[in-house]
Amino acid sequence: MDSKKVLEDLKRRFPNEPEYHQAVEEVLSTIEDAYNQHPEFDKVNLIERLCIPDRIYQFRVTWMDDKGNIQTNMGYRVQHNNAIGPYKGGIRFHKSVNLGILKFLAFEQTFKNSLTTLPMGGAKGGSDFSPRGKSNAEVMRFCQAFMLELARHIGPDLDVPAGDIGVGGREVGFMFGAYKKYTHQFQGVLTGKGLEYGGSLIRPEATGYGNVYFLCEMLKTRGIELKGKSVLISGAGNVAQYTAEKVLQLGGKVLTMSDSDGYIYDPDGIDREKLDYIFDLKQVQRGRIKEYVDQYPTAKYVEGKKPWFEKADIALPSATQNEINEEAAKALVANGVIAVSEGANMPSTPEAIKVFQQAKILYSPGKAANAGGVSVSGLEMSQNSERLSWTKEEVDARLHTIMETIHANCVKYGTEPDGYINYVKGANVAGFMKVAKAMMAQGVF
Ligand code: NDP
C-alpha cells in the first residue's frame, strides 16, 4: 500500500469531506508498515474496501414545529463495516452534522469497536437537527419522523444505533418508541435505553468512566496516580459529566467544563455538590454552562474560548472534534500537562497530536480512550439477547477489564524502540488487524 496515493484517490473521489480525510490519513499513516507485512491484503485491495463505507443511507426528515410550520432536516446512516459484528455506532443531532463528519465517525467506530473485544461492526448516523431550544414535543416529533425512515435500515442483528452529541436518554427513548410502533417488535435495536425498557446500568457513565480508567492505566506506566492531579475537562454533556464524576471519585481536582459558547474555571475545583448542580443544569434544566458562575461566583466564565490555556496536570477533551489545535496543544505542554486522554472523537488536530507526541507526554486517541461507551452498549446488547439485566458492579467490572485490555493492546502494538508508547499507532494497528483478518476470511465483497 502507498498510503499517500490511497488518500489522494479518496480525496479526489470524495471531495469536501475534510474530517473523513483527516481520520483516514491518521489511520493509514500508522498502519502502513503492519499492512505491508501482509502482501495478501493488497492482492484483494483490502485498504480501499476498509476505507469506503459498505453503504450510506441519506434521507429527508419532515416534521411539524410547535407553531404548525413544516420543517425539513437531513437524516443519515453510514454503515461502514460489519466484518466482525452487526453495524454499531451512535446517532448525532447537531446543526454541524454533514455526511463527511458522519463518514469520519463511522470509520473511527469500526476500529474502536474492534478494540473493545466485543463483536461489533462500525456505523454512525445523525441529522443536522439541533435539539437545543426545541420543546419536548418538537424533539419527540422529530425523533418519530427520523425513525420512520431509519427503521427500515436497522435491526438487532443488523445495525444497532446509540446516542452521541445531542442524543441522550430522552431522544433514544423517543426513537425506541417509534421503532417499536412502526415494526410491532420489542427488540434491542438501540442502546442507551432507559433501565425500565432494556437499558444497561452504567451505560450513561460508561464513556466518561472508561476514559478515566484508561487514563489511570496510562499514568501507571509512569508510576503516577490520578489522586491530587488537576484536570481540564471540555464539554458539559454526557461524556464530560461522568468523566468529572470519576475524576472526583479517584481524588482528582476538576477545574473546567465548557459548552459551545465558552468555559467555566473554578479555582477551588468542581466538587460533588457543584457537579450535582451541573447534572441538574444540563439534564433537567437544559441550561447553559455560564449559569454556573451565578451559582458559584468565585468561578469565572470565559465566553467564546476553550479551556486549554489554563494550567493543569491533565486534559480530558470531551466535547467535539478538532477542539484542540496546535496552539492549544503547545499551551498545554508549556503549562506542564502530563497526559491528554480523549473522551470526544478526534478532538485533537493532526498538528496538536504531533505536539503531544514530540513532547513525549501521555496521549491517547478517542478510539481507544472513549471506547468504554460502545463497550457497555455491546454489553447492553448481550443483556437484551439474554433477556437479563446485570448488576452495576458486574457491568462496571467488565468495563474496567475492557479498558485495561485496550490499553494492553495499545502498549503491545504501539511501543516504540525508545520505550515511548505511541497510543495512536497501537490503537490503529490493533483495531485494524482484527477487522482485516475477518475480511480476508469472508471473501471479496
Ligand atoms: P452531549 O451532546 O451530551 O454533549 C456535548 C457537549 O459538547 C456539550 O457540552 C456541547 O455544548 C459541547 N459541544 C458540542 N459541539 C461543540 C462544538 N462544536 N464546540 C464546542 N463545544 C461543543 O454529547 P456527548 O457528551 O455524548 O459527546 C461528546 C463527545 O464524545 C463527542 O465527540 C462524541 O462523539 C464523543 N463520544 C460520545 C460517546 C457517548 O457514549 N455519548 C461515546 C464515545 C464518544 P452545546 O450544549 O453548546 O452544544
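In this predicted model, the largest nonpolar core comprises 55 residues, of which Phe214, Met257 and Ile406 touch the most other members. The element that gives the most to this core is helix α8, spanning residues 203-220, with a contribution of eight residues. Apart from this core lies another, of 38 residues, which includes Ala23, Val24, Ile31 and Phe41.

When residues up to four places away in sequence are not counted, Met257 touches Ile233, Gly235, Ala236, Ala240, Gln241, Ala244, Tyr263, Ile264, Ile270, Leu275, Ile278 and Ile289.

Seven strands form an open sheet with mixed pairing, and their order across the sheet is β9-β8-β7-β6-β10-β11-β12. Strands β9 (300-303) and β12 (362-364) stand at the edges and have a single partner strand each, so one side of each is left without a neighbour in the sheet. From one strand to the next, the twist averages 15°. Helix α9, formed by residues 238-249, packs on this sheet and touches β6 (230-233), β7 (253-259) and β10 (314-316), while the direction of the helix makes about 175° with that of β7. Strand β11, residues 339-341, runs parallel to β12 and is joined to it by three bridges; within this pair, Ala339 has Leu362 of β12 as its bridge partner. In general terms, the strands of a sheet pair through backbone hydrogen bonds, either parallel or antiparallel.

Around the ligand there are 25 residues, of which Asp164, Thr207, Ser260, Arg288 and Asn345 come nearest.

Two residues call for comment on their backbone geometry. Most residues other than glycine have a negative phi. Met346, although not a glycine, has a positive phi of about 50°; this residue is found in the loop between β11 and α13 (350-358), and Met346 counts as buried because its relative accessibility is 5%, against a limit of under 20%. Lys360, also a residue other than glycine, has a positive phi near 60° and is found in the loop between α13 and β12. With a relative accessible area of 35%, Lys360 is partly exposed.

Glu171 is placed in helix α7, residues 169-183, and counts as buried at 4% relative accessibility. Leaving aside neighbours within four places in sequence, Glu171 is in contact with Phe93, Pro131, Val139, Cys143 and Gly166. Asn69, by comparison, is found in the loop between β1 (55-64) and β2 (70-81), where a relative accessibility of 39% means that Asn69 counts as partly exposed. Beyond the neighbours within four places in sequence, Asn69 is in contact with Trp63 and Met64.

Technical notes
Residues numbered from 1 in each chain as written. Predicted model: local features only at pLDDT ≥ 70, side-chain atom pairs only at ≥ 80, totals over all residues. Heavy atoms only, no water. Helix = DSSP H or I, 4+ residues; strand = E, 2+ residues; numbered from the N terminus. Buried < 20%, exposed > 50% of the residue type's maximum accessible area, 1.4 Å probe, protein only. Contact = heavy atoms within 4.5 Å. Pairing = 2+ DSSP bridges. Axes fitted to C-alpha atoms, helices over the stretch in contact; angles between N-to-C directions. Core = buried A, V, L, I, M, F, W, Y, C linked by side-chain atoms within 4.5 Å. Near = heavy atom within 4 Å.
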